[in-house]
Amino acid sequence: MTATDAQLQPRKKGLTRRQKRSLSRGVQYVVFVAVVIAFALSADWGRLKNQFAQADIADQMFPDVITLALKNTVLYTLSGFVVGLVLGMVIALMRLSSVGPYRWFAGVYIEIFRGLPALLIFIFIGVAVPLAFPGTEIIGGTYGKVALALGLVAAAYMAETIRAGIQAVPKGQLEAARSLGFSPARAMVSIVIPQAFRIILPPLTNELVLLFKDSSLVLFLGVTLEERELSKYGRDLASTTANSTPILVAGLCYLLVTIPLGFVVRRMEAKAQEAVK
């Protein structure tokens with residue numbers, strides 16, 4: 001065969017990049033579906049239903065699981081979020097301060113409370129504070145203790161988020177406010193901080209979701225029947241009925257709040273990205 005004949009022969013075409021990607025994606029889908037089917041066929045759904053999906057036990061939980069447990073969980077979360085937001089703002093401004101001791105205190109606070117597990121903070125509030133200050137009662141009783149414990153933990157994370165938001169505001173905004181006669185404090189409060197909060201609103205909402213789940217640690221403070229939140233309520237009924245259905249119902253109640261909040265966060269992030277573009 002001459003070189004001319006070889007050139008005249010049609011070349012064997014391989015798969016294009018797009019075809020290879022489509023083939024790879026198809027293989028992944030097949031593997032995923034096969035794993036799901038294998039898992040579904042191997043599970044003992046009858047035993048799972050008996051242990052986690054007893055309709056009569058679930059019916060006994062209503063309406064208390066909503067009017068009592070979910071209500072307390074929301075109250076604990078919101079109170080902790082408010083305390084954390086206020087304290088976090090103060091710590092963030094201290095972190096940005098030109099005064100050295102303020103920056104050092106804020107830095108130490110953030111490192112300590114971000115490093116300690118939330119469980120230890122709850123134990124500290126419930127045990128160490130009464131021992132250190134005998135006869136002293138935290139305002140609000142259990143609700144006040146939970147707000148303080150959640151707030152101390154959340155403030156460390158919120159402070160860094162707020163600091164990053166403030167630093168993300170263009171310096172020209174502050175300089176323009178100063179040129180108009182604003183004092184540094186007034187320019188920060190009226191011009192910089194409102195713009196910073198528009199930037200950090202999605203991560204702050206994520207922090208609210210985390211606090212909603214951390215509220216389950218309230219049991220370490222010792223609560224009455226009327227002060228139980230979702231996790232404590234579900235565990236108590238699970239022990240009483242010797243069945244895990246209450247735990248599943250409590251988990252679904254968490255999802256009733258966290259899933260819509262997650263959707264809101266994604267929408268806010270998408271709008272923020274559109275605004276930047």
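Reader: Leaving aside its neighbours within four places in sequence, with which residues is Ile91 in contact?

Author: In this predicted model, Ile91 is in contact with Phe105, Ala106, Tyr109, Ile110 and Ala159, once neighbours within four places in sequence are set aside. The word contact is used because heavy atoms of the two residues lie within 4.5 Å.

Reader: What makes a set of residues a nonpolar core, and which residues have the most contacts inside the largest one?

Author: The members must be buried residues of the nonpolar kinds, joined through side-chain atoms within 4.5 Å. The largest nonpolar core has 41 residues, and Ile91, Tyr109, Ile121, Phe122, Ile125 and Val146 have the most contacts inside it. At least two residues of this core come from each of α5 (64-95), α6, α7, α8 (141-168) and α10 (184-214). The helix that gives the most to this core is α8, with twelve residues. A second, separate core has 13 residues, including Leu68, Leu70, Cys253 and Tyr254. As a general point, nonpolar side chains in soluble globular proteins tend to be buried together.

Reader: Why is Glu160 called buried?

Author: The relative accessibility of Glu160 is 16%. Buried means under 20%, so Glu160 counts as buried. Glu160 is found in helix α8. Apart from neighbours within four places in sequence, Glu160 is in contact with Arg95, Ile110 and Arg114. Glu160 and Ile91 are 69 residues apart in sequence, yet 8.6 Å apart in space, C-alpha to C-alpha.

Reader: What makes Leu201 count as partly exposed?

Author: Leu201 has 40% relative accessibility, so it counts as partly exposed. Leu201 lies in helix α10. From C-alpha to C-alpha, Leu201 and Glu269 are 8.6 Å apart in space, although they are 68 residues apart in sequence.

Reader: Why is Val127 called partly exposed, and which residues form the nonpolar patch on the surface?

Author: Val127 has a relative accessible area of 44%. This value lies between 20% and 50%, so Val127 is called partly exposed. The patch is formed by Val108, Ile112, Leu116, Leu119, Leu120, Ile123, Val127, Leu131 and Phe220, with about 760 Å² of accessible area together. The elements giving two or more residues to the patch are α6 (100-115) and α7 (118-132). Helix α7, in which Val127 lies, provides the largest share, five residues.

Reader: Why is Ala242 called exposed, and what is its phi?

Author: Exposed means over 50% relative accessible area; Ala242 has 62%, so it is exposed. Ala242 is found in the loop between α11 (230-241) and α12 (245-276). Its phi is positive, about 55°, although Ala242 is not a glycine. Most residues other than glycine have a negative phi, and most peptide bonds are trans.

Reader: Which residues does a cis peptide bond join?

Author: A cis peptide bond joins Phe62 and Pro63, with omega at about 5°. Pro63 lies in the loop between α4 (55-60) and α5.

Reader: Where is confidence lowest, and where is it highest?

Author: Confidence is lowest in helix α1 (residues 3-8), with a mean of 53, and highest in α5, at 94. The protein averages a pLDDT of 87, and 94% of the residues score at least 70. Where pLDDT is low, the predicted coordinates should not be read in detail.

Technical notes:
Residues numbered from 1 in each chain as written. Predicted model: local features only at pLDDT ≥ 70, side-chain atom pairs only at ≥ 80, totals over all residues. Heavy atoms only, no water. Patch = residues over 30% accessible without salt bridge, like charges linked within 9 Å, V, L, I, M, F, W, Y side chains within 5 Å. Areas by Shrake-Rupley, 256 points an atom, 1.4 Å probe, with all protein chains shown as cover. Salt bridge = Lys/Arg side-chain N within 4 Å of Asp/Glu carboxyl O. Helix = DSSP H or I, 4+ residues; strand = E, 2+ residues; numbered from the N terminus. Buried < 20%, exposed > 50% of the residue type's maximum accessible area, 1.4 Å probe, protein only. pLDDT = per-residue confidence, 0-100.
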